[in-house]
Amino acid sequence: EKMAKKKKEDEENKKKREKAKLEKRREEEENKKAELKKEDLQAAAAVPKKEVASDTKMNETNAIKQNPEKANAEKPRPAETSKKTPDNKPKQQSQLKEEPEQKIKETKTQKSVDLAKKMDYFNIGEDDNEMRLTVWDYAGQTVFYTTHKVFLGRNCFYVIVFSIKEWISSTNEEAAQFLLFWLQSIRSYASGASFAIVGTHMDSLVERERENRQKINQKLEEISKEIECILQRVFFGAAHIPWSDCRYKAGKTTTITLSFFPVDNTKSGSPSPDNVVPLLRKSIHTALAEDSFVQQQIPMMWTKVYDILKEKDANLISVQKITELAAEWVIPEKDVKPMLSKFHDLGVAVYFNEEGLDSHAILNPMY
């Protein structure tokens, strides 16, 4: 909305400037005509009538302006056609100059349209409900914690994964602290982003309770309540917590609501896969489909610039070089930084539009 508003203001300012230039040009032309007319009157008063016809070309022009019908009748036709007024000459030059530029612009626009049809990254297909995601797996070791804030952003869906096996063991305090850290990171650096909490190693709980369904469900509800307490602690005072809960099938006819998705990865690829994974996928899809960020349109010219940057064998590139490339595809300089910020939001580049950091962009996030 800000970009659209700014674009509208720029267009209005541009129109005002063009209008002011046009009015200034008209005023100059009027002044020039008034001066010529004044000179004509002075020349007519100083020179006899019979000498006017044989005077210089300027006086001849003035005589034509004063009495065009008589001048056309007396003056030979070739002299008329060879004459160029000051008004016509610049106009013809301007037309010759503008036509190639317009042609180049139209050609580049068509190239961008053709390319957009072949896009393999931003294109979401014919089905408007289809989404293509970039998945990032953050390192969970404490040594990497300081780097997380560089990559965390609002326009993502976060899946926070913990081990049920660790949670129900004697190290459950450590698992809870781990979950608390990640929730606080999202609240601090990606406020408003949707997320889901996933508990892996569900098979360890089933094995521990010897497949006793009632005990399994009871333990899952206990873990769920403990996680809810952590959520309330992190998001205290928040009007809405954008997290996805799980409608877990606890039996043939029983369904319980959990604050996390218990997943058994040992069933992956088996004839009877874990029925929680489809619920998680659906939850991610629903949350993203309802997010206004996903509905934002990307200019086709931006996708072209991204494709060219992706082909470059470089980890780092200056914004000045990107600006030069963008100019080739009719992208104004003022739109370059918003374009790079959008690439950052999409997770395909790293760029910070802040003083001291805005001179370069990282094309390879893994770098």
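Helices (H or I, at least four residues) and strands (E, at least two) are taken here as DSSP runs, numbered from the N terminus. What you're looking at is a predicted model, where local features need pLDDT of at least 70, side-chain atom pairs count only at pLDDT 80 or more, and totals for chains, interfaces and linings use all residues. Residues are numbered from 1 along each chain as its sequence is written, and side-chain values use heavy atoms, with hydrogens and water left out.

**View 1. The whole chain, for orientation.** The chain has 16 helices and eight strands. Of its 367 residues, 30% are buried (under 20% relative accessible area; exposed is over 50% and partly exposed is in between, with a 1.4 Å probe and protein chains only). The chain exposes about 25900 Å², with 50% of that coming from carbon and sulfur atoms (Shrake-Rupley method, 1.4 Å probe; for residues, only the protein chains shown count as cover). Take the contacts with a separation of 6 or more: 66% of them are between residues 24 or more positions apart (a contact means heavy atoms within 4.5 Å).

**View 2. Helix α12 and what covers it.** Helix α12 runs over residues 276–289, and its 14 residues reach 20 Å from first C-alpha to last, close to the 20 Å expected at 1.5 Å a residue (the expected span is 1.5 Å times one less than the number of residues). On its buried side sit V276, L280, S283, I284, A287 and L288. Down the axis of α12, these buried residues fall within an arc of 120 degrees, so they line one face of the helix (the arc is that of the directions from the helix axis to the C-beta atoms). Their cover includes strands β1, β2, β3, β4 and β6, along with helix α13. Turned away from all this, the opposite face carries the exposed R281 and K282.

**View 3. Helix α15 and its neighbours.** Which residues of α15 (319–328) are buried? They are V319, I322, T323, L325 and A326. Looking down the axis of α15, they fall within an arc of 165 degrees, so they line one face of the helix. Packed against them are α14 (300–311), β7 (316–318), α16 (336–346) and β8 (360–362). K321 and A327 are exposed on the face turned away from the buried side. Just past the end of α15, V330 takes a positive phi of about 55 degrees.

**View 4. K334 and D10, a link across the sequence.** The structure holds five salt bridges (a side-chain nitrogen of Lys or Arg within 4 Å of a carboxyl oxygen of Asp or Glu). One of them joins the side chains of K334 and D10, at 3.1 Å from N to O. K334 lies in the loop between α15 and α16 and D10 in helix α1 (residues 2–46), so the pair ties together parts that are 324 residues apart in sequence. Both ends are partly exposed: K334 has a relative accessible area of 36%, and D10 has 23%.

View 5. R154 and D291 form a salt bridge, with their closest N and O atoms 3.1 Å apart. The pair links distant parts of the chain, 137 residues apart: R154 is in the loop between α7 (145–151) and β1, and D291 is in the loop between α12 and α13. R154 is partly exposed at 32% relative accessible area, whereas D291 is buried at 10%.

**View 6. K219 and E222, a pair within one helix.** The closest N and O atoms of this salt bridge, K219 to E222, are 3.4 Å apart. The two residues are three apart in helix α11 (residues 213–234), so about one helical turn separates them. E222 is partly exposed, with a relative accessible area of 35%. Elsewhere, salt bridges that share partners join D10, K334 and D335 into one network.
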